[in-house]
Amino acid sequence: MHKNKTRAVIEVKNLSFAYDKDLILEDINLMIFEKDFMVFIGPNGGGKSTLVKLMLGINPLQKGSITILDKSIRKSISQIGYVPQNTNINLNFPIKAIEVVMMGKSSLRTSLFGYKKEEVHHAMELLEKVGMQEFANSKIGSLSGGQRQRVMIARALCADPKILLLDEPTSSIDTDGQKQIYELLKELNKEITIIVVSHDISVLLEYASKVAHINKKLSFHDISSIKNIETKSDHICEVELLEMLGKCKC
Amino acid sequence: MLEALSYEFIQNALIAGVLVSLISGIIGSLIVANRMVFLAGGIAHAAYGGIGIAIFTGIPIFLGTSLFAVAAALFMAFITINQRENIDVFIGLTWAVGMAIGIILVDLTPGYNVDLLSYLFGSILAVNRDDLYFMGSLFVVILFVITFWYRNILAVSYDSEYAALSGINVKFFYTLILILSALTVVIAIKVVGLILVIALLSIPVYIAQRLSSSLFSMMLISGLIASVFTTIGLWFSYSFNITSGASIILVSALSLMLFMLLSKLK
C-alpha cells in the first residue's frame, strides 16, 4: 500500500474502542512513518482524542493492536513526547519554565532538591530550540498561551523522543502564536515524526504531509486534492471543508 | 512580657507554634497546589471522631486521632481516585460523620466532661513534652519524604496527568500527600483547633505563592510566615487573655488583607 521506504514508527491494526457500549473507534488501520507530519482531523467526539489516549497507553487497548517502533506501547512510551491539549492548568503554581522542561525527563526521579548541571544545560538547549531561552526563569503562569505551549513542547522533547504528539496545540493561542508554533514543528520535523490532532485545517494544509480524518472510522486524504478544493472555490469555510473531508473517498 | 518566656508552658507553646507552622507551610503548600483544601477540611473535622474514640477507649489522644484521621484520608484518597462524580458529597459525608461519631462517643464516656472548645479552637498553652516529641517526629518524617521525593511530588502536584505518563505512581503520591495532611491536621488541632486548621494551612500559603517562584521556596516562605503569625497570635492571646487559635487566625487574616491591599497599590 505504502511505497514509503522509511520504517513505520507507529502501526495501528484493526483497532476498535468503545466507552461502555458506544463505539468510538471502529477498525482503525494506520501506519505512521518516520518524519511524517501527520495530522488527525475530524469532528468533536469523533474519536481523535481517544486514539491519542490509546497511543499513549492512557486508555487500555480493547481490540486490535498498536505498536510503536516495533514494540508494545508500554515498552516504547518514552519514545513519544506528548504535549497535552490544556496547558492552562495550575497557573498559580510557583514553578519556573525551566523546571517544567526538566519534568520531561523521567529518570533521576529520586534525586534531591537540586537539579544536576547537565540537566539544566540540556533544558536550556531545549528552551533555545523552541525560542524560549529568555524566559527560562519566568514563572510558568506569567507566560502567554503561545509561550507556555513552547515550554510544553520543550518538556516533551526532554527525553529525546522519536515522535512528538500534540493534542490541539493551538486551541488557546492567537493567530501569530499559532503560526510560530507550526513553524517550530516544521523545523522539528526535520529530525522527528510529528503527529498533530487539530481543528484548524487551513494552517495544517501548509505543513502536513498526511491528513487522516477520524470520525469513528479513519480515512486518509491526499493533501493535493484538498488544496485543489481550496483553490477552485473562492471561499470555503473550515466547517464545509471538514464536512467534505468526512464524505470524500480519496 | 519577657518574664512570660520563663514559664515552661509558654516555651512549649512557642516551640509547638513554630513547629506546627513550619509543617503547615510544607503540607499547606501541597494541599493548595493539589487543590485539596476542601479535602483537608473534611479530614480535619472527621478527626474529631478520633478524639472521641481516644477518650472513650482511654488510648492517647494523639494516637487515636492520628489513626482515625489517616483512615479518613485513605477513604478520601480512595474516593477521589476511583469515583468521578459526587466527590464533594463524600467529602461532606466524612466531614459530618466523623464529628458525629466523636460527639456521641464523648457523650457515652462516663464522668468525662470534655472541653469540646479546646479541640474546636485549640489549646496551645496546654502543649506538653510528649506533644512536642510527636510534632518533632512528624516534622522529621515530612522533611525526609519531601527531600527524598521532591521531584516526584513536584511533578504530581503541578501536572498529575503528565506525571502519570512519565511513569510516576500518581496514586501513591496523592495518597501520601493526603496521609501527611491528615497527620498535620492532627497536630494543628492542638494549636489552632480543628475549625481553624484550614486557615492556618492556606492563608500563609496564599501569600507565599505570590512571593515564590518554586515549590520549595513556597514551602519555606509559608512556613516562616505561619511562624510569625502564630507567635504574634500567641502574644495577643497571652496579653489579652483570649483564645489562642482564634487570635492566631485573626492575625493571619488581617495580615492577608494588608498584603492584598499592598499588592493592589503597587
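Which residues in α1(B) meet which residues in α6(B)? Hold that thought while we sort out what you're looking at. This is a predicted model, in which local features need pLDDT of at least 70 and side-chain atom pairs count only at pLDDT 80 or more, while totals for chains, interfaces and linings use all residues. Residues are numbered from 1 along each chain as its sequence is written, and chains are lettered from A and ligands numbered from 1 in the order in which they are written.

Now for the answer. On the α1(B) side you'll find Asn12(B), Ile15(B), Ala16(B), Leu19(B), Val20(B), Leu22(B), Ile23(B), Ile26(B), Ile27(B), Leu30(B) and Ala33(B), and they meet Asp131(B), Leu132(B), Met135(B), Gly136(B), Leu138(B), Phe139(B), Ile142(B), Ile146(B), Ile153(B) and Ser157(B) in α6(B). Being in contact here means that the C-beta atoms of two residues, placed from the backbone, lie within 7 Å. Sort the residues of this contact by type and you get 17 nonpolar, three polar and one charged. For that sorting, Ala, Val, Leu, Ile, Met, Phe, Trp, Tyr, Cys and Pro count as nonpolar, Asp, Glu, Lys and Arg as charged, and the others, Gly among them, as polar.

How do you describe a pair like this? Two packed helices are described by the angle between their axes and the distance between the axes. Helices here are DSSP runs of H or I with at least four residues, strands are runs of E with at least two, and both are numbered from the N terminus. The axes are lines fitted to C-alpha atoms, for helices over the stretch in contact, and angles run from 0 to 180 degrees between N-to-C directions. With α1(B) and helix α6 (residues 129-158) of chain B, the angle is about 20° and the axes are 10 Å apart.

Next, follow α1 (residues 8-33) of chain B to another partner, helix α9 (residues 197-211) of chain B: their angle is about 80°, and their axes are 8 Å apart. So α1(B) is roughly perpendicular to α9(B). Among the residues making this contact are Gly25(B) and Gly28(B) of α1(B), along with Leu200(B) and Pro204(B) of α9(B). The contact of α1(B) with α9(B) divides into seven nonpolar residues, five polar and no charged.

Let's hop over to chain A, which has nine helices and nine strands. Of its 250 residues, 36% count as buried. A residue is buried if 20 or more other C-beta atoms lie within 10 Å of its own, exposed if 12 or fewer, and partly exposed in between, with C-beta atoms placed from the backbone.

Look for an open sheet of six strands in chain A, with the order β5-β6-β7-β3-β8-β9 and mixed pairing. Strands pair if DSSP finds at least two bridges between them. At the edges stand β5 (80-83) and β9 of chain A, each with a single partner strand, so one side of each has no neighbour in the sheet. On average, neighbouring strands of the sheet are turned by 20° against each other, direction ignored.

Zoom in on β3 (residues 37-41) of chain A, which runs parallel to β8(A) and is joined to it by four bridges. Here Met38(A) sits opposite Lys210(A) of β8(A). Four bridges also join β3(A) to β7 (residues 193-197) of chain A, again running parallel, and Val39(A) has Val196(A) as its bridge partner in β7(A). Four of the five residues of β3(A) are buried.

Met38(A) is also one of the residues touched by Ile32(A), not counting residues up to four places away in sequence. You'll find Ile32(A) in strand β2 (residues 22-33) of chain A. Ile32(A) is buried, with 20 other C-beta atoms within 10 Å.

Two spots in the loops of chain A are worth a look. Leu69(A) has a positive phi of about 50° although it is not a glycine, and Lys216(A), also not a glycine, has one of about 65°. Leu69(A) is in the loop between β4 (63-68) and α2 (73-76) of chain A, while Lys216(A) is in the loop between β8 (210-215) and β9 (217-221) of chain A.

Finally, the two chains meet: 19 residues of chain A are in contact with 23 residues of chain B.

Definitions and conventions:
Parallel < 35°, antiparallel > 145°, perpendicular 65-115°, else oblique.
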